[in-house]
Amino acid sequence: MTRGSHATGTALGIHAALPEGHVILTDRGSMLFLNETAAAIFQMLADGVVGQEAVQEICEQYDIGHDVALRDLEITYASFRTLGLIEHNGDPAEALALPMESKTDPRKEVKKYCSEHSLPLQAFIEITTVCNLRCKHCYIPDVGAIGPLKDPLNISELRDLLKQLRELSCLEVTLTGGEPLMARHLIETCAYARQLGFSVILKTNATLLTEAFVAELRRLHVTEVQVSLYSMDAATHDVFVRQPGSHARTVAGLRLCHALGQRCRISCVVTRSNYQQLDGLKEFATSIDAPIGFDLLVTRRLDGTDDPLIERLTEDDLIWLDQKGVMSDVIFEGSTNIAGLGDQNQLLVSYPIDDPESPICGAANTMVAINVNGDVRPCIAFPYRLGNIREQPLREILSDRNEPTRQIRSYRNRSFTECVGCELIPACPRCMATTYQETGNPVGKADAICRIAQYHRKYGGPPSTLEADGGGTV
Ligand SMILES: C[S@@+](CC[C@H](N)C(=O)[O-])C[C@H]1O[C@@H](n2cnc3c(N)ncnc32)[C@H](O)[C@@H]1O
Ligand code: SF4
Ligand code: SF4
C-alpha cells in the first residue's frame with residue numbers, strides 16, 4: 001500500500017495548527033488545509049511511519065478495526081497523491097476523497113485568524129547589512145561600508161528566532177539584507193527555516209547566485225527568489241547599482257533560476273535613474289516566467305537621512321511616465337507602497353482603506369521584521385523599535401502589553417486625521433512606515449504618497465479588502 005509513497009522531501013510539513021484546520025504550504029507556494037485526522041496521517045507519513053505500522057497506529061488512535069483503518073489510509077494517501085503532497089507511485093490517482101475539509105478560500109481564513117489574534121504570519125529577517133553593490137537609493141544606512149558588523153545575530157540566535165516565530169504560528173520568512181548571499185549563515189538559516197516548515201522567500205540582487213547555490217535552494221524548496229533588476233539597459237542598471245558588470249550577473253542569476261526551475265520574481269524600484277529605461281523589463285520577465293513588480297516610491301534611509309531621495313521621482317517624472325503610457329503598467333504590475341514589501345502578496349493581509357475603523361496594514365500585527373542586530377520593527381521599512389530579541393522573548397515584544405506594539409496596533413484609518421475629506425482615500429496607497437519616515441508620525445500626511453495616490457485613482461488603486469488570492473483546498 002505505501003511502497004513508493006513518501007512526503008515530497010522537505011517541501012511539506014504541517015505549518016500551523018489553527019482552530020480552523022492544519023495548514024500546509026507546498027513548495028509551489030500554495031496553501032492547503034487538512035482537518036485533524038488528515039493532518040495526523042500526513043505527519044505520520046512525513047515521519048516515515050508507513051505500512052502496517054501506520055495502520056496499527058490509526059487503529060489505536062481512533063479505536064477502529066484493521067480493515068477500516070487500512071481503507072481510510074488508502075483513501076487518504078490517494079488524496080495526498082492527487083494533490084501532489086506525496087509522490088506518485090505508479091498507481092492511478094484515485095478520486096479526491098475525504099476525511100479532509102473542503103474550504104473554498106483557505107488563505108483568507110488564515111489571514112483573518114492571524115489578524116484577529118495578532119499572529120505574525122509573515123516575518124522579514126535582515127540577515128546582514130553588508131552588500132557587494134552600492135545602489136543609489138538603498139535604504140540601508142552605510143550599506144557601502146563593507147566590514148564586520150558591530151554585532152549581527154549569530155546562527156544560534158537566528159535559529160532561536162525562527163523557533164520563536166514558529167511557535168507564534170508564523171508561516172512565511174523572507175530573508176533580506178543587505179545582500180543575503182554575503183551572509184555566512186544564509187544556507188544554514190534557509191535549511192533550518194525549511195526544517196521548521198516555513199515557506200522561505202529570498203530577496204537578492206542575484207549577482208552572486210551560482211548553479212550549485214540555486215540547486216541547493218531548489219533542494220530546500222525555497223518558495224521564491226525575489227531579484228532586484230532596474231532596467232534591461234545594462235549601463236542604466238550598472239550606473240545605478242554602482243558596480244560595472246552587475247546587470248549581466250543579475251540577468252544570468254535570473255536565467256539560472258529559470259533554467260533550474262527555481263521560482264523567482266523581479267522587483268524594480270522606479271527611480272530618477274531608470275524611469276525612462278523600463279522598456280523590455282516586462283518582456284524579459286515573461287521570457288523567464290517570472291512576475292514583475294514595480295515600486296514608485298523611494299523611501300528615506302532607515303536612519304532618517306535623505307541620500308536616497310535624489311532618486312525619488314519628481315512630479316514631472318510621474319507626469320512623463322503617465323504621458324508615455326507607462327504608468328498604468330507600473331501600477332497594475334507593480335507593488336504599491338513600501339520598500340521591498342510589495343511582492344509579498346501571497347500572505348500579505350490588506351485592509352479596506354475606506355472603513356474608518358479598519359486597521360491600516362499588518363504592521364506589528366500579521367507582519368514583523370527583525371533587523372541584523374535583533375531589533376524588532378513593525379515591518380521592514382518602518383524604523384520604529386518595538387524591542388530587541390536579545391532582551392526579551394519575541395512573544396513579549398509582540399504582546400499588547402508592550403507599549404510600542406500596542407501603539408502601532410491601535411492605529412485605524414480614522415487616525416489619519418489630516419486625510420479627512422480627501423477624495424483620493426479609496427485609492428490611496430498610504431503606509432504607516434513611509435508616513436512615519438516622511439513626517440515623524442505614522443498617521444500624518446506624506447506628500448510623496450499623495451503624489452502617487454492620484455495615479456492609483458486613475459489606474460485602479462491598491463487592493464482594498466482583506467483579500468485572499470490563490471491557495472488550494474483540501
Ligand atoms: C534592501 S534590498 C535587500 C535585498 C537585496 N540586496 C536586493 O537588492 O534585492 C531589498 C529591496 O529594497 C529595495 N530598496 C532599497 N532601498 C530602497 C528605497 N530607499 N526605497 C524603496 N525601495 C528600496 C531594493 O531595490 C530591493 O528591491
Ligand atoms: S538595494 Fe540591495 S543590492 Fe542595492 S545596495 Fe541595497 S542591499 Fe545592496
Ligand atoms: S492622498 Fe494624501 S491626503 Fe489623501 S488619503 Fe492619501 S495620504 Fe491622505
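## A glycine after helix α6

Helix α6 is followed by Gly197, whose phi is positive, near 95°. Helices here are DSSP runs of H or I with at least four residues, strands are runs of E with at least two, and both are numbered from the N terminus. This is a predicted model, in which local features need pLDDT of at least 70, side-chain atom pairs count only at pLDDT 80 or more, and totals for chains, interfaces and linings use all residues. Residues are numbered from 1 along each chain as its sequence is written, while chains are lettered from A and ligands numbered from 1 in the order in which they are written.

## The chain as a whole

The protein chain holds 16 helices and 12 strands. Of its 474 residues, 46% count as buried; a residue is buried if 20 or more other C-beta atoms, placed from the backbone, lie within 10 Å of its own, exposed if 12 or fewer, and partly exposed in between. Among the contacts with a separation of 6 or more, 71% come from residues 24 or more positions apart. Two residues are in contact if their C-beta atoms, placed from the backbone, lie within 7 Å.

## One face of α6

Which residues of α6 (residues 186-195) are buried? They are Leu186, Thr189, Cys190, Ala193 and Arg194. Seen down the axis of α6, these buried residues fall within an arc of 130°, so they line one face of the helix. The arc is that of the directions from the helix axis to the C-beta atoms. The buried residues of α6 pack against α5 (155-167), β5 (172-176), β6 (199-204) and α7 (211-220).

## Phe198, on the way to β6

Phe198 is found in the loop between α6 and β6. Is Phe198 buried or exposed? Phe198 is buried, because 23 other C-beta atoms lie within 10 Å. Leaving out residues up to four places away in sequence, Phe198 touches Cys170, Leu171, Glu172, Val173 and Ala193. Phe198 and Thr223 are 25 residues apart in sequence, and their C-alpha atoms are 9.4 Å apart in space.

## The sheet

Now for the strands. Nine of them form an open sheet with mixed pairing, in the order β9-β8-β7-β6-β5-β4-β10-β11-β12; two strands pair if DSSP finds at least two bridges between them. β9 (292-295) and β12 (387-388) stand at the edges with a single partner strand each, so one side of each has no neighbour in the sheet.

In β6, six of its six residues are buried. Ser199, Ile201 and Lys203 cover one side, and Val200, Leu202 and Thr204 the other. β6 pairs with β5 in the parallel sense over four bridges, and Ser199 in β6 is the bridge partner of Glu172.

Strands β7 (residues 224-228) and β8 (residues 264-269) also run parallel, joined by four bridges. Val225 stands opposite Cys264 in β8. Helix α9 (residues 246-260) packs on the sheet, touching β7 and β8, and its direction makes about 160° with that of β7. Axes are lines fitted to C-alpha atoms, for helices over the stretch in contact, and angles run from 0 to 180 degrees between N-to-C directions.

## Around the ligands

Ligand 3 is surrounded by residues including Cys419, Cys422, Cys428, Arg430, Lys445 and Cys450. A residue is near a molecule if its C-beta atom, placed from the backbone, lies within 6 Å of it. This shell divides into nine nonpolar, no polar and two charged residues. Here Ala, Val, Leu, Ile, Met, Phe, Trp, Tyr, Cys and Pro count as nonpolar, Asp, Glu, Lys and Arg as charged, and the others, Gly among them, as polar.

Ligand 2 is surrounded by 13 residues, the closest being Cys131, Leu133, Cys135, Cys138 and Asn205. The shell around ligand 2 has seven nonpolar, four polar and two charged residues.
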